[in-house]
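Please read the points in order, with the structure in view.

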Amino acid sequence: MAGCAQLSGGSSAPKTSDGWSGRMSLRIESEPVQTFAALFELRGSADSGDLTLTTPIGSTLAQLHWAPGEALLKDGNKTRRFDSVDELIEAATGAAIPVGALFGWLAGRNDPVPGWKPDLAQLGNGRLQAVRESPSPRADLRIVFERS
């Protein structure tokens, strides 16, 4: 999978929400290797938020929205519902990315997630890398961002 992503905030995001935008890439060491890349805009929190993924030329790949009791993926003219934000993210990107921890990592907290190792050393330069060692296959998430 290849593309770009962008996130846009929604009215359901909490008042204390944070926002980030930039580029993300995900490489899954499966056979064959899978890759996903997109521009993104992320707003909200692990509990309630929005993520928009777009291509470099501005075409929307997907719009994700989650809140207590709902997880929605708008993909073109289709809207799909999921039981959890984790299932929603996996459907959109091809891998289970720990959304709760992602908000923490972007905010500079080394929130632990089994199997994942975040590298927060470059956060000050707007860069985050996290590697999933287990379960297999290995996944490498890289984000270049700015706070919005």
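1. Two strands are taken to pair if DSSP finds at least two bridges between them. On that basis, the bridge partner of glycine 49 in strand 4 is tryptophan 66. The model under discussion is predicted.

2. Strand 3, residues 49–54, pairs with strand 4, residues 60–67. Six bridges join these strands, which run antiparallel. They form a hairpin with five residues between them, and glycine 58 in the turn has a positive phi of about 100°.

3. Strand 3 also pairs with strand 2, which spans residues 34–44; the two run antiparallel and are joined by six bridges. Within this pairing, leucine 42 stands opposite leucine 51 of strand 3. A hairpin is formed here too, with four residues between strand 2 and strand 3.

4. How many residues of strand 3 are buried? Six of its six residues are, so the strand is mostly covered, where buried means under 20% relative accessible area. In a regular strand, side chains alternate between the two faces of the sheet. In strand 3, Gly49, Leu51 and Leu53 point one way, while Asp50, Thr52 and Thr54 point the other way, and all are buried.

5. Strand 5 (residues 70–75) and strand 6 (residues 78–81) pair in the antiparallel sense over four bridges. Leucine 73 has arginine 80 of strand 6 opposite. The hairpin of these two strands has two residues between them, and in this hairpin glycine 76 takes a positive phi near 65°.

Key: Residues are numbered from 1 along each chain as its sequence is written. This is a predicted model: local features need pLDDT of at least 70, side-chain atom pairs count only at pLDDT 80 or more; totals for chains, interfaces and linings use all residues. Side-chain values use heavy atoms; hydrogens and water are left out. Buried means under 20% relative accessible area, exposed over 50%, partly exposed in between (1.4 Å probe, protein chains only).
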